[in-house]
Amino acid sequence: MHAHAGAPLSRRRFLARSAGGAAAGAASLNGCALKVAGAATGGGESITMMVKLDDISTELIQQAQKELGIRITVVADDITRLIAMLTSGRPPDLVRGIGALDTPYFVARGVAENLDPYFARSTVLDVDDLDPANDLWRYDGTTQGKGPRYGMAKDFSQDAMYWYDTSHFDTAGVEYPSDTEPITYEEWLDKARRLVRRKNGQTSVYGGSYNGLGLGILFTSMTAAAGGSLFSADFSRVDFTTPEARRALTWYVDYAKAKVGPSLIQPNPDGWDGPTYVADRMAMSGNGYWLGGMINAEPKVAKVSRLAPAPVFEGGPRLSSCQGGTGMWMPRKARNKDAAWRVFEWFFGEGPAKARAEGGWGIPTLKSLRPLMPDKEDHQKRVLKVQKAELKHFSVTPFTPYAKWDALEALINQVVPAALNGQISVDTLAGRLNSVINEQLKRGKEQVG
Amino acid sequence: MTVGQIPSVASRPRSAAGTGGARSAELPRSSVTARRHRAFYLFTSPWIIGFLLLTAGPMGYALWLSFTTFDGISPHWRYVGLGNYRELLSDPVTWDSLSRAGVFALTSVPLSIVAGLGLAVLVNRPLRARGLFRTLLYLPAVVPPVGAGLIFKQLFNRDSGAANGVLHLVGIDAVAWLDDPYARYVILMAVLWGAGNIMIISLAGLQDVPRELHEAARIDGASTWRAFRSITVPLLSPVLLFQAVTGMIASVQTIMPLLIASNPGPAGVTSIPQTNYMYMMHVFAQYFALGRYGYASALLWVLFVLILIVTGLIFKATSGVVFYNVDPEAKK
């Protein structure tokens, strides 16, 4: 029955019409989204990049448009948004990622594009020129570091190395670490204890900070440095109860209890080491070469700063892993792959890559760009010498495909504080970590299939 | 015709008592009703459409997700029926975080109401520069939660915060305010800092209390406290009930100050002190750090139902206590 004009609108009909209106509204919203995205894709000369806003400046975006004729729309890096875009089938064309941690996860879920064919035909990015650090972006379905390339690092560091400020060592009368021989983790902690300065319960100078890029990757790397492996051979389980993993856990618990530097239970008010270190309030900072980009910008700090080899565990192998390898990957469903690849080549192999190499923000991922690394000043030469020697010990610490790294990080953050506050033993901590993380990995394995 | 010659509305025939009446006499009754319905629905439809799009739709979608293992990206997610609900019933972290949120609501809501009401009583008195005081006391309530959170984070930082600076002046060693067991008090202070909102609503209620009642009480020899207890509070009870209900709903969903106090990034959510790891932080962690959209949606639905139940209980418990100033004739 059709309502005649002027007839009262029944509630049922009204709700039906509202639902229709809502659907139309949703469609029009979608239309708006299409329009925005369409502007970015029209003619294949626009792409969308999901990056951190300081990865690519406005000037670089304008430069790309000028040099490549490609307009870049930047979307802020956000995993939730990325998942929403991937799920809706309209992903960005290039996405920021951490090679060491993201590669297995995204490849195992079939959302990353195999870039081997692109590299094969590239005249800018020669595979032979790629630094081995780019192998963090390779995954063959079981092993990270092998198989097709799914991305590339924009720069890298050996993140277990650390910077130190000689002025604090002089003040405290602590011997400088060697430029060539690594000290042990225990020696590092001992130095930090002697370097920390406190007054009225407040820390005025941190003795040292050593938290890695996150505790998950820190424990993975430290377990490897102790001669073991945190993950099982198929990466479906972790075991924190092995002697090597316990050694890593025990060291971090001791470090946090000593309160010599920022930790999970005593976070850095500055958010991370960089500002604290250059403000002369941190004697040692567990960050690799890339922190030099910030240090070089402060000549006074740069002159008294040195880089030291990654610590080792007594009796353990000498490893110096890259815990990040931050770069970009291309989603399999990207709509403008050719344009995206041109931007990719430009970003990783041309002007922006050269500018990064000259700034000291990490080691260039193309061997041919290494001569651009800063080495004019004496202190820069010294740092570069230490860094080049350390490259011999470069290692890849494979990560699991069955969990997002921040999921493991979140679980670790939840469980570890009880041990750092002395409420549970390291053994109990190891058991709890095994329990919660293996449960997450089990769920992940079921979902990947 | 002069003004004096215009017949009063009451004396005019009913059908001609105004333009509307004249027009309704010309139009069929059903047409008028239809027009009124259309006008009503026309004006409410933006809200209804918004509700369907932005509330009912997402809620329905979340309900569906709560029956799955969906994580947003993995190919083999599946339907698990009530599996997520069964899991949350046996998840100690869920219950611990819920009980923390409950304790926080039981503490922060009464304290906020008392603080807001106290301030309202103060600025309702004939003070000099009363407007200035009202503005100053309300100002914190208009500071965005992000700004307020950051201010508190800096104020109570162990190494560089002003709170420890004051303690240092009186010879007391620095306190790790943002760690357990003090962190909960900092969050409570952050909530109380925004009591200006409650003050404004209470002030409006206070100004609605008839002055004659207080004068009569004073003549009868009632003390100020007695007058406040027996006149002001009963007349303010609907306002207080409103604040209790909305305050309870907001406090169990508290997340912003907690989020700001955490390390940046989804994984940082779980690094906040245990005493501040409340229900919404648990939900946030499940969604954005662990990627468990299904489980997190189940958590949200359980919270929604619990809020409905608690709200109902509050209304029931206060039904004989709250005084509604309703015109008895209007009820007929």
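Patches are made of residues with over 30% relative accessible area and no salt bridge, like charges being joined within 9 Å and nonpolar side chains (Val, Leu, Ile, Met, Phe, Trp, Tyr) within 5 Å. Lys and Arg count as positive, Asp and Glu as negative, while His and the chain ends are not counted. A charge is placed at NZ of Lys, CZ of Arg, CG of Asp or CD of Glu. Accessible areas come from the Shrake-Rupley method with a 1.4 Å probe, and for residues only the protein chains shown count as cover.

Residues are numbered from 1 along each chain as its sequence is written, and chains are lettered from A and ligands numbered from 1 in the order in which they are written. As the model is predicted, local features need pLDDT of at least 70 and side-chain atom pairs count only at pLDDT 80 or more, whereas totals for chains, interfaces and linings use all residues; side-chain values use heavy atoms, with hydrogens and water left out.

Stay with Glu186(A), which is located in helix 7 (residues 185–195) of chain A. Helices (H or I, at least four residues) and strands (E, at least two) are DSSP runs numbered from the N terminus. Is Glu186(A) exposed or partly exposed? With a relative accessibility of 39%, Glu186(A) counts as partly exposed. The terms are set as follows: buried is under 20% relative accessible area, exposed is over 50%, and partly exposed is in between (1.4 Å probe, protein chains only).

**Chain B**

Next, select Arg29(B), Arg35(B), Arg36(B) and Arg38(B), which gather in a surface patch of positive charge. Arg29(B) belongs to helix 2 (residues 29–65) of chain B, and at 74% relative accessibility Arg29(B) counts as exposed.

Then select Leu127(B), Leu132(B), Phe133(B), Leu136(B), Leu139(B) and Val142(B): these residues form a nonpolar surface patch whose accessible area together is about 550 Å². One of them, Leu132(B), lies in helix 5 (residues 130–142) of chain B.

**Chain A as a whole**

Return to chain A and display it as a cartoon. Chain A has 17 helices and 16 strands. Its C-alpha atoms fill a box of roughly 95 × 55 × 45 Å along the principal axes. Of its 449 residues, 56% count as buried.

**Helix 4 of chain A**

Select residues 99–108 of chain A, which make up helix 4. Why is helix 4 of chain A largely enclosed by the rest of the structure? Nine of its 10 residues are buried, so the rest of the structure largely encloses this helix. Among the buried residues are Leu101(A), Tyr105(A) and Phe106(A). Helix 4 is followed by Gly110(A), which has a positive phi, near 70°.

**Salt bridges**

The structure holds 19 salt bridges over all chains, a salt bridge being a side-chain nitrogen of Lys or Arg within 4 Å of a carboxyl oxygen of Asp or Glu. Select Glu113(A) and Lys337(A), whose side chains meet in a salt bridge at 3.3 Å, N to O. This pair links distant parts of the chain, 224 residues apart: Glu113(A) is in the loop between helix 4 and helix 5 (116–121) of chain A, and Lys337(A) is in helix 13 (residues 337–349) of chain A. Glu113(A) is buried at 13% relative accessibility, whereas Lys337(A) is partly exposed at 21%.

Move on to Asp179(A) and Arg382(A), which form a salt bridge with their closest N and O atoms 3.0 Å apart. Asp179(A) lies in the loop between helix 6 (166–172) and helix 7 of chain A and Arg382(A) in helix 15 (residues 378–390) of chain A, so the pair ties together parts 203 residues apart in sequence.

**Two contacts across the sequence**

Select Leu130(A), in the loop between helix 5 and strand 4 of chain A. Leu130(A) counts as buried at 6% relative accessibility.

Finally, select Gly422(A), in the loop between helix 16 (405–420) and helix 17 (426–448) of chain A. The C-alpha atoms of Gly422(A) and Val253(A) are separated by 8.8 Å, and the two residues are 169 residues apart along the chain.
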